[in-house]
Amino acid sequence: MEKTRRRRRNAVTMHEVARHIGVAPMTVSRVLSGDANVKPETRQRVEAAIKELGYTPNVSARNLAKAASVHIGLLYNNPSSAYMNELLVGVLEQSSHAGCQIVLEKCSARSERTVIEKLLRDGVGGIILPPPLSDSKVALEALRAAKVPFIAVATGRPEPEGLSVRINDYEAAAAMTRYLLSLGHRRIGFIVGAPNQTASGQRYAGFAAAMHGAKLQVRRDWVKQGSFTYRSGLLAAEELLTAADHPSAIFASNDDMAAAAVAVAHRLRLDVPADLTIVGFDDTPLATTIWPALTTVRQPVAAMARKAMELLLEEIRLRGTGRTLEPLQQFLNFSLVKRESSARI
């Protein structure tokens with residue numbers, strides 16, 4: 001009888017403990033690993049269930065729980081797969097180094113609050129918001145209300161009391177425009193990014209400021225709305241290049257749309273860059289996989305993601321001691337990468 005009881009006690013699993021009191025297995029794991037972010041009443045319920053059911057984790061399982069005690073949620077809804085790939089590289093590199101786990105959740109504009117609530121139920125210790133979610137009022141309000149640590153990446157509207165990592169989109173776009181002007185271009189078209197991202201407006205504002213600084217007017221018929229997708233770049237470039245009077249250079253707000261503009265130019269038998277200069281923004285791998293390779297603004301997306309992870313993990317650690325990081329807007333440097341898609345007029 002005693003051997004049977006021991007077998008039964010050892011047969012109890014973490015999932016059974018969680019099911020017994022209606023919590024996620026991750027919550028049980030966090031209690032076992034000593035995670036300070038578990039609510040006291042939840043910790044008491046878990047400990048009582050462990051005692052009642054006779055659950056005894058073995059040493060190796062307990063060590064695994066400690067190694068994976070910090071789970072970071074990453075929400076995404078970015079139309080550019082190239083941008084998201086770069087962001088994931090940085091997040092995964094830093095998470096591997098820190099020994100934490102990443103929980104990926106895709107969401108739409110209508111499901112932001114629901115997905116955030118799911119991540120919180122699953123016991124994440126903090127959340128990373130890449131664009132466009134880093135500019136979403138719904139997402140930011142939900143995270144503030146939940147009092148969960150979070151950080152915004154590439155937002156143009158950082159939280160005054162929060163954490164963010166970004167570049168100066170306005171100055172980066174102005175610098176690229178000044179480069180086009182230095183090549184002799186005066187007839188410059190612009191493809192605007194997604195209207196739900198503040199970076200789009202800042203990039204256009206930087207372009208317009210540099211044009212006005214050169215005493216040039218921005219032609220409204222040469223400014224086309226895009227959405228950071230390849231398809232939107234096709235449509236915008238088609239409108240620009242099939243007009244009787246078209247620009248000598250196109251500045252697209254990201255590499256996806258710039259690559260689409262190159263494709264349209266090829267179809268119309270315009271030589272890039274002899275007949276038309278095309279430049280982009282971000283310097284994702286796409287910039288060097290098309291022909292000709294894109295001149296673009298290098299936004300260090302992977303480095304931004306690594307920094308975001310670093311700051312978020314520090315915030316989580318400090319909250320476990322009753323403290324928090326000071327509000328911080330971390331700026332990283334951008335640079336212009338000059339390749340074969342641009343030339344003197």
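A disulfide here is a pair of cysteine sulfur atoms within 2.5 Å. I started my notes with that cut-off, and I keep in mind that this is a predicted model.

**Entry 1: cysteines.** I looked for disulfides and found zero in the structure. Then I checked how accessible two of the cysteines are. Cys-100 has 10% relative accessibility, and buried means under 20%, so I put Cys-100 down as buried. Cys-107 is buried as well, with a relative accessible area of 3%.

**Entry 2: the sheet.** Next I traced an open sheet of six strands, and I wrote down its order as β7-β6-β8-β9-β10-β12, with mixed pairing. Its edges are β7 (223-225) and β12 (335-337), each of which pairs on one side only. On average, neighbouring strands in this sheet are turned by 20° against each other, direction ignored.

I also zoomed in on one pair inside the sheet. Strand β6 (residues 188-192) runs parallel to strand β8 (residues 249-252), and four bridges join them. I followed Phe-190 across to β8, and its bridge partner there is Phe-251.

**Entry 3: a helix pair.** Last, I turned to helix α9 (residues 169-182) and helix α10 (residues 198-213). Their axes lie 7 Å apart and they pack at an angle of about 40°. That angle makes α9 oblique to α10. I noted the crossing of α9 past α10 as right-handed. Which residues make the contact? From α9 I listed several, including Tyr-170, Ala-173, Ala-174, Thr-177 and Leu-181. On the α10 side, Ala-199, Gln-202, Gly-206, Phe-207 and Ala-210 are among them.

How values were computed: Residues numbered from 1 in each chain as written. Predicted model: local features only at pLDDT ≥ 70, side-chain atom pairs only at ≥ 80, totals over all residues. Heavy atoms only, no water. Buried < 20%, exposed > 50% of the residue type's maximum accessible area, 1.4 Å probe, protein only. Pairing = 2+ DSSP bridges. Axes fitted to C-alpha atoms, helices over the stretch in contact; angles between N-to-C directions. Parallel < 35°, antiparallel > 145°, perpendicular 65-115°, else oblique. Left-handed = near helix turned anticlockwise from the far one by under 90°. Contact = heavy atoms within 4.5 Å.
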